[in-house]
Amino acid sequence: MTGAFVLDLEFAGKLARNALEHVTREYPNKLDHVIGANADIQSPRRLHPVFYGSFDWHSCVHGYWLLARLRRQFSSLPERPRIDALFDAHLTHEKLAVECAYLARPHSGGFERPYGWAWLLKLAAELGRGGGETAGWHEALSPLATAFALRLRDHLPKLTYPIRSGAHFNTAFALALALDYAGADSELADLIRRRAYAWFGADAGCQGWEPGGDDFLSPALMEADCMRRVMPQQEFRPWFRRFLPDAAGGEPATLFAPAIVTDRADGKIAHLDGLNLSRAWCWRSIAGSLAPQDPVRARALAAAQQHLAASLPYIAVDYAGAHWLGSFALLALGVDTPQAAPG
């Protein structure tokens, strides 16, 4: 990685090695598990034979996404054989059938909603882009992805109000990730766009009252990036001016200043490194959809660099962050910034 925070083969290898170490590390483990009977008391690996590592299920899923993404982006990645061996051993029909069976349990209706749902769909979309090399893994994962897509399709119309938190329940983040998968599911894509317009289309004058003490997402910037994805560019630009009318002057200042992380061994405080990385991701994405002469563009790009500098060097300081921050670093470095919706 160069001083300009550009992803290169060396840093990609570091990210891959870190993920390879934690996606099969079973303990410590924080389950999202409702116990309905004594038989439900099982180890993480018995419950989730694929996604049992990385401290929690969703972090393991996006650890797999990171590996799949780096594998596709860097054909000369030295860790590729290890990634292939991991996927061959774990992304099998038999093991993923157990993951599907867990999802079908009576007490699993809210399992990992919506954060884990969206990351699983994003992983499926990534494997679907790999061509013949990843076709077998993609096929094995498809039943689980289909199950989550159906749940999302059922859930969104019932969600009267969006969840604007800075952590796992954030609606805009889930929609943004799920859109990757929905590119091959026009019905889901249309539903995501309609719900985003209904929830966020009239928003204006965002106050930017953030961050919260354990945020890893910016409610304001994540909403803006979600709308960038669902709106044609000629609609997004005036929407963004209404949403953050003083951004050219660096206001709200809270959105341009990186969060301070005081204890990277504290899992909740370490979330703030994720906030800095996800803000960098959003600012870079938003800047790419603004007109070249828009004064917000330069401020957004500068803010992205400041947020990267604040947290990118510290993503592997402690397992509290190391088990998940690599994925957010990969987003922040610009490999996942699709253009705005077509006009």
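**Cysteines and a helix pair**

Okay, let's start with the cysteines: there are 0 disulfides in this structure. Keep in mind that we're looking at a predicted model.

So what about Cys-206? Cys-206 isn't in a disulfide, and the nearest cysteine sulfur belongs to Cys-282, 12 Å away. To call two cysteines a disulfide, we need their sulfur atoms within 2.5 Å. And is Cys-206 buried or partly exposed? Its relative accessibility is 21%, so Cys-206 counts as partly exposed. The cut-off for buried is under 20%.

Now Cys-226. Cys-226 is in no disulfide either. Its nearest cysteine sulfur is again that of Cys-282, this time 10.0 Å away. Cys-226 has 0% relative accessibility, so Cys-226 counts as buried.

Okay, on to the helices. Find H5, residues 93-103, and H7, residues 135-155. Their axes come within 8 Å and cross at roughly 15°. What do we call that arrangement? Angles under 35 degrees count as roughly parallel, and therefore H5 and H7 are roughly parallel to each other. The crossing of H5 past H7 is left-handed.

Who's touching whom? On the H5 side, the contact uses His-93, Leu-96, Glu-99, Cys-100 and Leu-103. On the H7 side, you'll find Glu-139, Ala-140, Leu-141, Pro-143, Leu-144, Ala-147, Phe-148 and Arg-151. And how do the residues of that contact divide up? We get 9 nonpolar, 1 polar and 3 charged.

That's it from me, thanks!

Technical notes:
Residues are numbered from 1 along each chain as its sequence is written. This is a predicted model: local features need pLDDT of at least 70, side-chain atom pairs count only at pLDDT 80 or more; totals for chains, interfaces and linings use all residues. Side-chain values use heavy atoms; hydrogens and water are left out. Axes are lines fitted to C-alpha atoms, for helices over the stretch in contact, and angles run from 0 to 180 degrees between N-to-C directions. Helices (H or I, at least four residues) and strands (E, at least two) are DSSP runs, numbered from the N terminus. Angles under 35 degrees count as roughly parallel, over 145 as roughly antiparallel, 65 to 115 as roughly perpendicular and the rest as oblique. A crossing is left-handed if the near helix is turned anticlockwise from the far one by less than a right angle, and right-handed if clockwise. Contact means heavy atoms within 4.5 Å. Ala, Val, Leu, Ile, Met, Phe, Trp, Tyr, Cys and Pro count as nonpolar, Asp, Glu, Lys and Arg as charged, and the others, Gly among them, as polar. Buried means under 20% relative accessible area, exposed over 50%, partly exposed in between (1.4 Å probe, protein chains only).
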